Structure formats: C-alpha cells, structure tokens
Amino acid sequence: MYEFAVTPAITQLRRPGVIITEVTADSLGEELELEPHDRIVRVNGRPVRDYLDFRFQTAGETELTFQVKKPDGETIEIEFDRDESEDFGLMFEQIVPRQCANECLFCFCKGNPDDARPSLFVRDEDIRLSFLYGNYTTLSSVTDDEMNRIIEQRLSPQYVSVHATDLKTRAYLLGVDEKRADIFDKFQRLLDNGIEIHAQVVLCPEINDGAQLEKTLRDLAANYPKVVSAAIVPVALTRYNTDERLTRVTPEFCHRTIKEVEKLQKEFRKTLGVTFAFLGDEIYIKAGVEVPSRRHYGNYPQIEDGVGMVRSFVTKFEKLLAKAEPPASASGRNGRHDERTHPFAVLPNAPSGATSESSAAAGGTGFGTMLTGEMFAPILREQVDKFNLKYGTRLHVLAVPNTYFGGDVSVAGLLTGQDLLAVRDQIVGDFVTIPKITIKSDEPIFLDGMRFEELQSKFAVPVIPVDIDFFSEISS
Ligand code: SF4
C-alpha cells in the first residue's frame, strides 16, 4: 500500500525536464529560438525536474548551457551569456502534485460526493506546492530526496500539518502506523537547516483537543521562531463524512477551545512576544465570539488557511470607508444616480463570460444582490450596510446554503454552481455578485463542474465574480 502510493510521486519527481508552454515575444527565450513544447532537460549539466529546478539552476548564472529536447526527439545544446537579472521570458508547465500516502480520518476527499470533479480527489502532499502556495504536507510521505531538495534549494517556509505531537494521536489521525507518523527527525532536520515551518492542527473534538492541543502547541512553541506559527482550524465534515470516529464541531466546543487557547496565547505573547497559535475564523464565528483585533494576528502568517481573513477583510473595509469620499454625484438631483460618475458605473473583475454590456448594465444603479456563504454573510452584511449608507447603493447580502457538500460546510469558497443557482429566485436588483473564489483560478468552472457561462445563462441579470477589490475599485 505504502510503496504503491508513493511510487507515482517518485516517478513524477524524476521526470526529465520541464516543458515550455509560452515564449514571450522579443524575450531572451525567443532570441535563443526556444519554442512551446520544448523540454529543458539540463541547465549547466544539472538535471531539471520542474520549473522550480529551472529557477534554482539559473539563479544568478550569467554563463549558461541549456540541454533542450525538441518535440521531435532531437536534443540540442544552447550556450549563451546573459545579464544576471535578464528574464528568460519563458512560461512552464504546472507542477503536477505528488500524492500523499496517508488515510487521514477527516480527509476532504472522503467528504466529496462521488460525482465531484476528479481534481477534488487529488490527495496532494507536495513540498514544492507547500513552498509556492502554502499547501500543507504531513511530511510523513516526504522522501529523503525531497528533504534534501527543501534544504538545498531553500524551499522555505514549509507548511506542515502536525495535528498532534503525541505520536499515537497523530498516527490515529493520519490513519498510518506510528513509524510513518513519526516526523520528529525530519522536522528537526528542517529546523536545524534554517527552514521555517508554519504548523497546522486540524482540530477534531475528542481526539486532539483539550490537553492534547495544549501539548501540541507548547511543543511547537518551544521551537519558535523556527516554527513561526501554528494554525488551529476546526474539522469540517460534509454530509458524506460518516466515519463514526469523528465528532462534529459545536458552538460549545468552539467556546471551550477559545478559552483554552486564549490562556496559551497570553502566555506566548509574554514569553515569545507573539500570539504564535492562531484559531481559525470559523471557531470564533461558530462560537458567536468576535474575531480578535488586528494586532493579535501580526502579519497574518496563515491567512490562506482561514486564520484572520475576517479581521483582515473588516480592517480593509473600514480603511476604505474612512478614506474614500462618496462621489459628489453619487446621489444626483432628485435622488437619481448619475451613471457616469456613480461608483457602479465601472464594475471591476468582469468575468470571462460576462460581457462588458452586462457589466455596464449592472453599473449605474448600485442595486443588486451579493451572494456569499452562510458563515461570512453576517460579516459582509454589516460592512455592506455601511457602504450602502455612504454611497446610496442598495446592495443586499444573501447567504447561500451549501447543499452540495452539506454538513458543516458554510464557507464561501466551497459554494458550487448548483448552490448559487438554487437561490436564483431570491435575488433582487439589476445584477448579482458571487465570490470570485468559487471559480477555479485557471478555468471558469465551479467545484461541481458547472461552467460559469452555464450559471450566467440561467440568471436574468449579469453575474459578476468579485472579491474585496470590488469595493476598493469602485470607491477609488
Ligand atoms: S494528508 Fe491530506 S490529502 Fe492526504 S489523506 Fe491526509 S488530509 Fe487527505
């Protein structure tokens, strides 16, 4: 099972070369006659496995030799000089994630409906993606080659799912034996070699909470500042997670956890000078407790994990409202909006699929519906109400239940096309906005496979994917 699970990953890592997908006009790459589909196999005699290797092998080098495999199988060598900072003008294929060999109790893959998009079943455990995008790895199925690579190429920081420092508990959560769950040596080796680590705990009631959580956080904090921060996020179970070993997170559980962790946070601020251990926003929202202040989060070390997103949003929004003056003509004579100067005359983030006419149609009125997840809706509504007061707009926030995943899932980012479609009859106004994050970054498609154009075709008004920039752009 273990060998089978890691073999494809090793093959992937050893695939020779990286494929060029794009060559910018008038760039050094074009001058070297490199073309899309060429594969750069070696740089100065050293093998290249992916674009991170390419970046590493070329950094600071002015005299270079590329070994390039052409699509017809011919291998050529190109020798050239370049200025140290000269860009190659090359785009490369994406890194294909290496897969994990764990069987975590709470794995999100087990919470997917059978017909979910295949990419939702990818169990990635990839130190490259951890470095590049903050994806978490457990380190349990990370090989020696990869460990060496992290250190040699300074792939720092790394984001590590620790879950528990008690070995028995960790092994139980990861669904592997204790030998595989034990990452002490790997962890220490990274720290000894100056690789920074951001740790994550997926909090599962009755498994790694209470005294277990305290031990984990203390063990991690003992390595501060090499372990930079720890994020504690609640396990989110969909209606497809039926494993009886898992207990759902309740408001009472969240309350208790906040109290317990607050004590540690106070202690860490005293001894380390930083909060160090951060609870996910969802824990505060579920408990009905206001999220901590801006200062609590420092530089938001794990914001992408849903830790401090709410505070960051509210802070940005408040700054924006304090700074921006409403256009003099936002409410024109007789209370009518001047369509040339009203903030909604230009709508940003027009999606592929939404025409400029549809954006223009949405502009000028400021009357529309903003769809978001149930968890974030009250927070967004509070801010949007202030925005409406200041700008004379009529934006309505509508909370969209997540019926696709169901269970505890209420975050905006996991809303699907069919969830958004289900509230179609409740929208008001001349346009509807949806969270931009619900759409895949490189393709206009939702998690359930529905395409953006299909959703748009089923709404009678323009559908506009937005993020917070929506507000900053229209009020600037
Ligand atoms: S490491 Fe991540 S992807 Fe792998 S089983 Fe655990 S939760 Fe799933």
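These legends accompany close-up views of a predicted model.

**View 1. The whole chain, by confidence and secondary structure.** The average pLDDT of the chain is 88, and 87% of the residues score at least 70. Residues 1–13 have a pLDDT below 50, with 14 contacts in the model beyond near neighbours in sequence. Residues 329–363 also stay under 50. For residues 329–363 the model has 80 contacts beyond four places in sequence. The chain contains 18 helices and 15 strands. Of its 476 residues, 38% are buried. Among contacts with a separation of 6 or more, 69% join residues 24 or more positions apart.

**View 2. The largest nonpolar core.** This core has 86 residues. Ala 230, Ile 232, Val 235 and Ala 277 touch the most other members. Strand β9 (residues 197–203) gives the largest share, five residues. Domain 2 (108–307) and domain 3 (324–474) each supply at least three residues. Nonpolar side chains tend to be buried together in soluble globular proteins.

**View 3. Contacts of Ile 232.** Neighbours within four places in sequence are left aside here. Ile 232 then contacts Val 201, Leu 203 and Val 261, among others. Its partners also include Ala 277, Phe 278, Leu 279 and Gly 280.

**View 4. A second core, and helix α3.** A separate core of 15 residues includes Leu 32, Val 43, Phe 54 and Val 68. Phe 54 is also one of the buried residues of helix α3 (residues 51–58), along with Tyr 51, Leu 52 and Asp 53. The buried residues of α3 pack against strands β1 (18–23), β2 (39–43) and β6 (90–92), and against helix α4 (127–133). Just after α3, Gly 60 has a positive phi of about 75°.

**View 5. Phe 367 in strand β12.** Phe 367 lies in β12, residues 367–373. Phe 367 is partly exposed because 16 other C-beta atoms lie within 10 Å. Apart from neighbours within four places in sequence, Phe 367 is in contact with Arg 394, Gly 429 and Asp 430. Phe 431 is 64 residues away along the chain, yet the C-alpha atoms of Phe 367 and Phe 431 are separated by 7.3 Å.

**View 6. Arg 189 in helix α8.** Arg 189 sits in α8, residues 184–192. Arg 189 has 15 other C-beta atoms within 10 Å, so it counts as partly exposed. Arg 189 and Asn 148 are 41 residues apart in sequence, with 9.9 Å from C-alpha to C-alpha.

**View 7. Two cis peptide bonds.** Ser 156 and Pro 157 are joined by a cis peptide bond with omega of about 10°. Pro 157 is in the loop between α5 (144–152) and β8 (158–161). The bond from Tyr 224 to Pro 225 is cis, with omega near 10°. Pro 225 is in the loop between α9 (210–221) and β10 (227–234).

View 8. Asp 26 is not a glycine, but its phi is positive, near 60°. The loop between β1 and α2 (28–31) holds Asp 26. Asp 26 counts as exposed because it has 8 C-beta neighbours inside 10 Å. Tyr 300 has a positive phi of about 50°. The loop between α12 (294–297) and α13 (309–323) holds Tyr 300. With 16 other C-beta atoms within 10 Å, Tyr 300 is partly exposed.

Technical notes: Residues numbered from 1 in each chain as written. Core = buried A, V, L, I, M, F, W, Y, C linked by C-beta atoms within 7 Å. Buried ≥ 20, exposed ≤ 12 C-beta atoms within 10 Å, placed from the backbone. Helix = DSSP H or I, 4+ residues; strand = E, 2+ residues; numbered from the N terminus. Domains from an automatic or database assignment. Contact = placed C-beta atoms within 7 Å. pLDDT = per-residue confidence, 0-100.
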